[in-house]
Structure formats: structure tokens, C-alpha cells
Amino acid sequence: MNFFLEENNHFVPFTGQHLWVITIIFCLSFLLIYFTKKQPKKLQNRIGNVFAFSIFTTTLLGVILTMYSGNFNYKTDLPLHLCSFLTLVIPFLSVTRKLLYYEVFFFLVIAGTLQSLISPDEYNYLNFKFFRYWYIHAGLVTFMFFATFIYKLRPTLKSVGKAFLAMQIYMLLMFVVNYFLGSNYFYTNRKPNAATLLDFFGDWPKYIFVVELIVIPYFLLIYLPFYLTRKKT
């Protein structure tokens, strides 16, 4: 039990460890969507709800265990980083299956959370933090594909603007939160300690402006397969 809760730095990105984690995630995600697609619609919705709420619960459990261990720090451990926040609101999509939620969440997850799988900033291995990190990040990405193929939701060109607007609102809120808490949620005050794509965009505040300039082209690139598919159809 101590090993499961104690922190370590045994995970090394871009190694065999990283590869087997990504492989398992891909296989399980594919099997989940493939299995669910063959079920009646009512059961599909139940599976989606269980999946979404399990992601939500994992995030809350992480906060509770951090408090229990006595290591909770409101500057770093509140679920206010974008990926953590998305896990708290993803049940709204599973329950309502509203296009607006899908439009916003899809671009934020694929543009942001997917990056967390490619270049993870969590180096714990085979303990709770390891499973929490990979489950919530991979879970978000998988759920967006789940919503695409099971709920049959699709983004439109207008979805790009909606997602960009939602991102601006969230960033402004985090600027305010970080000002009062002295925190760095959504990395508005400094880049993460781990290696990420932000390292290519210069120091603060330059990387924020670079992200603002490239985010719409990036969203459009994510939308491109849907545009091509729709045009072909």
C-alpha cells in the first residue's frame, strides 16, 4: 500500500515504458469503442456515463488522497489545470450529449490533453499517481472519440471559434485565480517543469502569445479530417 501511494520517479518518457503504456491505452480504447458500438443505444449511453463519471471520480480521489497524505498544496493540487478541469465537466457531455459541449471539449482535449500523452509531465510509475495521470488523460482523449463514434457527434467549422472562445475565457479565469493564489494553473505564469512543446515557444510571456497565434490553425488542422470527410460525403 505504501508503494502505491508513495511518489517515485521511475517512469522515463520516450522509452519502452512509454511505448507499452501508449500501446495498452490504444488497444483498450479501441476495444471499448468497438464493443460499445455493437450494443443497444440505451446501453451505449450507460457505458458512456460510467466511463465519464469514472474519470471524474479518479480526479476527485486524487485530490482526496493528497489531502489525506498531508501533502495537499492549493497552489498545485486543485483540479484547475485544463485536463483536470475537463475531467470534472466531461459528465455534462455524457449525460446531455449536447453538441455545444462536444464542440468545445473535443478541440481542447485533442489539442491539449493528447499532448500530455505524447510528452507526459508525470514521472511516477506503477503507483496511484501513475494510474491517475494516464487514466484521466487517456480517458479524456478516448471519451472524445467515444462521443464521435458512439454519440455520432461531429464538429463544424464554427466549433473552432467556440472552442477558441472557451479557451480564452478559461485562460482569463486562470490569470485571476493565479494572481490571488500565487499558483500557476494552465501555466499562465511559467512553463511546466517537464519537457513540452512550450519549450519551443520561448520564455514567459512569449510562449503565451505564440500559443495564441497558433491555436486557431492547430484547431483547424484537427478539424481538417472532418471537413474532408464531410466534403467527400
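**Reading aromatic pairs and the nonpolar core**

Modeller: Phe11, Trp20, Tyr125, Phe130, Phe131, Tyr133 and Trp134 make up one aromatic cluster. This is a predicted model, in which local features need pLDDT of at least 70 and side-chain atom pairs count only at pLDDT 80 or more, while totals for chains, interfaces and linings use all residues. Residues are numbered from 1 along each chain as its sequence is written, and side-chain values use heavy atoms, with hydrogens and water left out.

Biologist: Are Phe106 and Phe226 buried or exposed?

Modeller: Buried means under 20% relative accessible area, exposed over 50%, and partly exposed in between (1.4 Å probe, protein chains only); both Phe106 and Phe226 are buried. The rings of Tyr223 and Tyr227 have centres 6.3 Å apart and planes at 50 degrees, so that pair is tilted. Tyr223 and Tyr227 both belong to helix 8, four residues apart, about one turn of the helix, yet Tyr223 has 7% relative accessibility and counts as buried, whereas Tyr227, at 39%, counts as partly exposed.

Biologist: Which residues touch the most other members of the largest nonpolar core?

Modeller: In soluble globular proteins, nonpolar side chains tend to be buried together. A nonpolar core is a set of buried Ala, Val, Leu, Ile, Met, Phe, Trp, Tyr and Cys residues joined through side-chain atoms within 4.5 Å. In the largest one, with 56 residues, Leu93, Phe143, Met144 and Phe219 touch the most other members, and helix 6 gives the largest share of this core, eleven residues.

Biologist: What is Leu93 in contact with, leaving aside its neighbours within four places in sequence?

Modeller: Contact means heavy atoms within 4.5 Å, and on that basis the partners of Leu93 include Tyr101, Phe105, Phe143, Met144 and Tyr151.

Note on methods. Rings of Phe, Tyr and Trp (its six-membered ring) pair if their centres lie within 6.5 Å; planes under 30 degrees apart count as stacked, over 60 as edge-to-face and the rest as tilted. Helices (H or I, at least four residues) and strands (E, at least two) are DSSP runs, numbered from the N terminus.
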